[in-house]
Amino acid sequence: MRRRAVKALIALLPLLLALPVHADWQLDPAQSQVQASITQLNGEAPQTHHHQVRDLQGDISSDGTLRLPLKLSQTDVLERFGELPPWVGMLANTTLVTLVAQMPPERLDGLDMGESLVETLTFSVQSDMINQQETVPLRFTREGLNEIRVTHAEPMAMDGRVLMANSTVRTVLSLLGYQEIDEHVPVTLNALLVNR
């Protein structure tokens, strides 16, 4: 009887070794967004407006590559213009930039329920017009068996001067009525990774 049990375990061993060591993770678009607060300075008094990039879609592959494509249609910008020509709709669904970073998925897989870890990721911005890197400390907290909440680990902000120096961003902001903005643009991240 013991020999059969040992033989069964030996037979199962190659199958167990063939299983992936960690799962692939992907963002849940319905629960993943970024909010930026832009303070407009070109008026009688400074006014702060909040803008969202919602429906974040991206995943962490088994080799640890995190890809986060961003489209104009994910922002609240187009809603502010009302009815737009059809060609704008096609442009809105084109990927403008893709953020790429390395995040070892085994670090996520090792989290116990309620446990958090802070990981500083270096994001590369991939696009035809932008070539830059940003380092962002993120907090990953396991909320469920297959769910990990992602938030910023410390206050995050973009540099308004850098935003206005980018011609594409400046054009979009000027269409929204921003001629001059505060150099401090706070950003809030709240996203949910789910195990595929």
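User: Which strand holds Arg149?
Analyst: This is a predicted model, where local features need pLDDT of at least 70, side-chain atom pairs count only at pLDDT 80 or more, and totals for chains, interfaces and linings use all residues. Residues are numbered from 1 along each chain as its sequence is written, and side-chain values use heavy atoms, leaving out hydrogens and water. Strands are DSSP runs of E, at least two residues long, and helices are runs of H or I, at least four, numbered from the N terminus. Arg149 is placed in strand β9.

User: Is Arg149 buried or exposed?
Analyst: Buried means under 20% relative accessible area, exposed over 50%, and partly exposed in between, with a 1.4 Å probe and protein chains only. Arg149 has a relative accessible area of 16%, so Arg149 is buried.

User: With which side chains does the side chain of Arg149 make a polar contact?
Analyst: A polar contact is a pair of N or O atoms within 3.5 Å; within protein, one must be able to donate a hydrogen and the other to accept it, and residues adjacent in sequence count only if both atoms are side-chain atoms. The Arg149 side chain pairs this way with the side chain of Glu143 at 3.3 Å. Its other partner here, at 3.0 Å, is the side chain of Asn190.

User: What is the C-alpha to C-alpha distance between Val150 and Phe140?
Analyst: Val150 is also a β9 residue, and that strand spans residues 147-152. Val150 is buried because its relative accessibility is 5%. Phe140 is 10 residues away in sequence, and the C-alpha distance is 4.8 Å.

User: Where does Ile181 lie, and how far apart are the C-alpha atoms of Ile181 and Leu41?
Analyst: Ile181 sits in the loop between α5 (167-175) and β11. Its relative accessible area is 9%, so Ile181 is buried. Contact means heavy atoms within 4.5 Å; beyond four places in sequence, Ile181 touches residues including Ile38, Leu41 and Met164. Ile181 and Leu41 are 140 residues apart along the chain, yet their C-alpha separation is 5.3 Å.
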